[in-house]
Amino acid sequence: MHRFLRLALLAVAVAIAALAVTACGGSSSSSGTAGVADGTDDRIPAGAPFIDQDKLQFVPQALRVKVGETVYFKNSETALHTVNVDGKNVSGNMKKNDVFTWVFQQPGSYKITCDYHPQMKATITVDPA
Ligand SMILES: [Cu+2]
């Protein structure tokens, strides 16, 4: 029984240490490495193509994906944003913590903009699958 208890405590300690490392490991936003989701938002799979809306910018401003890949967008601030693809608003209004996904079906280069902030610009390059 004592042996089991010690193992359980050890497991808890390891879990807490892992959480602490995760919490301290980087920026305050949930974006992780620019362009790649880090998995801290369980709606966005780790490793998925990801564009953050933060500080009135798309982050990153250039992203490369393949046809058929799901691209995740997240509004990480209180300002309202949209995701426009080549000038067309496809997301509607995004409030803080809203997540929007879009799948590009054709190869090409797409301009991403926001209805409310003309300075918000990104380019998504879509390669053949
Ligand atoms: Cu905006």
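## Order of the elements

From the N terminus on, the elements of the protein chain run α-β-β-β-β-β-β-β-β-β, which amounts to one helix and nine strands. Helices (H or I, at least four residues) and strands (E, at least two) are DSSP runs, numbered from the N terminus.

A word on the model itself: it is predicted, so local features need pLDDT of at least 70 and side-chain atom pairs count only at pLDDT 80 or more, while totals for chains, interfaces and linings use all residues. Residues are numbered from 1 along each chain as its sequence is written.

## Burial and contacts overall

The protein chain has 129 residues, of which 22% count as buried. Here a residue is buried if 20 or more other C-beta atoms lie within 10 Å of its own, exposed if 12 or fewer, and partly exposed in between, with C-beta atoms placed from the backbone.

Two residues are in contact if their C-beta atoms, again placed from the backbone, lie within 7 Å. Among contacts in the protein chain with a separation of 6 or more, 46% come from residues 24 or more positions apart.

Five strands form an open sheet in the order 3-9-8-5-6, with mixed pairing. Its edges are strand 3 (62-66) and strand 6 (88-89), each pairing on one side only. Two strands pair if DSSP finds at least two bridges between them.

Let's look at some of the pairings. Strand 8 (residues 108-113) and strand 9 run antiparallel and are joined by six bridges; G108 has V126 of strand 9 as its bridge partner. Strand 5 (residues 84-85) also runs antiparallel to strand 8, with two bridges between them, and V85 is bridged to I112.

## The largest nonpolar core

A nonpolar core is a set of buried Ala, Val, Leu, Ile, Met, Phe, Trp, Tyr and Cys residues joined through C-beta atoms within 7 Å. The largest one here has 16 residues, and the members touching the most others are I51, F58, I112, A122 and I124. Strand 1 (50-54), strand 4 (70-75) and strand 9 (121-127) are the elements that give two or more residues to this core, and strand 9 gives the most, with three. In soluble globular proteins, nonpolar side chains tend to be buried together.

Leaving aside neighbours within four places in sequence, I124 is in contact with L63, V65, V71, F104, Y110 and I112.

M94 is found in the loop between strand 6 and strand 7 (99-103). M94 counts as partly exposed because 19 other C-beta atoms lie within 10 Å. Not counting residues up to four places away in sequence, M94 touches Q53, N75, L80, H81, T82 and F100. The C-alpha atoms of M94 and E77, 17 residues apart along the chain, are separated by 10.0 Å.

D127 lies in strand 9. D127 counts as exposed because it has 12 C-beta neighbours inside 10 Å. With residues up to four places away in sequence left out, D127 touches R64, K66 and P107. D127 and R64 are 63 residues apart along the chain, and their C-alpha atoms are separated by 7.4 Å.
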